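Biologist: I am new to this structure and would like to go through some of its side chains. Please show it first.

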Amino acid sequence: MIIIGIHQFFTSLNDLERIIRCPGRFKFEEHNVAAHSWKVSQYAMFFATLEEMNGATVNWKSLYEKTINHDFAEVFIGDIKTPVKHASPELKQMLAHVEEKMMEKFIINEIPQEFQAIFFERMKEGKDETLEGRLLEFADKLDQFYEAFAELKRGNTDLEFVIMYQTALSKLLAIPLKATVHYFRTEILKDAVQEKTHIDIQTLTNEVLDTKK
């Protein structure tokens with residue numbers, strides 16, 4: 001008997017708790033995709049508020065839908081490490097196509113028909129040129145920044161986290177969100193480099209900042 005109902009979608013959410021981010025590396029603290037999505041929503045909410053305070057108009061419904069759902073497709077393919085995903089434009093495009101097709105199949109097979117059009121809209125790729133899409137991109141990269149920062153702070157000497165930290169920082173500074181990037185650079189980053197860490201975060205940070213001058 002084939003059961004099609006929202007129950008299937010709800011039960012699949014548990015799977016996101018079992019998908020570990022940055023698999024295959026030693027970490028002092030593991031992070032799962034479900035927690036990541038919640039943190040991304042929190043980061044995006046703060047910076048959307050900041051952008052709004054600086055005159056921007058935020059589509060809050062779109063923002064929350066984008067951030068909460070942005071990694072749901074990982075329930076099908078797991079978390080693929082960023083260096084692998086971005087090894088070539090062709091591979092990145094291929095993985096995006098696989099995610100899209102598996103998401104499409106899931107919606108058709110598991111979501112009640114009266115909700116399918118809504119789910120197709122909500123589950124599509126959220127990173128785009130809209131303010132909300134850019135806030136999602138910033139928040140997603142910020143969580144990567146913090147995950148790497150936490151490992152370096154505790155003395156994890158795996159080069160993977162040095163690369164992750166500097167790559168995330170470089171991309172954060174390049175996202176076209178003027179108020180957000182300014183606040184991150186002058187407030188958050190300033191506090192981060194002042195923390196006591198086992199690995200010299202200040203030097204790693206300055207190496208990135210020097211390329212942005």
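**A lysine and some aromatic rings**

Modeller: This is a predicted model. Lys 141 is buried but has no salt bridge, and the nearest side chain of opposite charge, Asp 140, is 5.8 Å away.

Biologist: Why does Asp 140 not count as a salt-bridge partner of Lys 141?

Modeller: A salt bridge needs a side-chain nitrogen of Lys or Arg within 4 Å of a carboxyl oxygen of Asp or Glu. Asp 140 is the nearest side chain of opposite charge to Lys 141, so what rules it out is its distance of 5.8 Å.

Biologist: In which helix is Lys 141 found, and which residues is it in contact with, leaving aside neighbours within four places in sequence?

Modeller: Lys 141 lies in helix 8, which covers residues 131-153. With those neighbours left aside, its contacts are Ala 168, Lys 171 and Leu 172.

Biologist: How many aromatic pairs are there, and is the pair of Phe 9 and Phe 10 stacked, edge-to-face or tilted?

Modeller: The count of aromatic pairs is 14. In the pair of Phe 9 and Phe 10, the ring centres are 5.9 Å apart and the planes stand at 45°.

Technical notes:
Residues are numbered from 1 along each chain as its sequence is written. This is a predicted model: local features need pLDDT of at least 70, side-chain atom pairs count only at pLDDT 80 or more; totals for chains, interfaces and linings use all residues. Side-chain values use heavy atoms; hydrogens and water are left out. Rings of Phe, Tyr and Trp (its six-membered ring) pair if their centres lie within 6.5 Å; planes under 30 degrees apart count as stacked, over 60 as edge-to-face and the rest as tilted. Helices (H or I, at least four residues) and strands (E, at least two) are DSSP runs, numbered from the N terminus. Buried means under 20% relative accessible area, exposed over 50%, partly exposed in between (1.4 Å probe, protein chains only). Lys and Arg count as positive and Asp and Glu as negative; His and the chain ends are not counted. Contact means heavy atoms within 4.5 Å.
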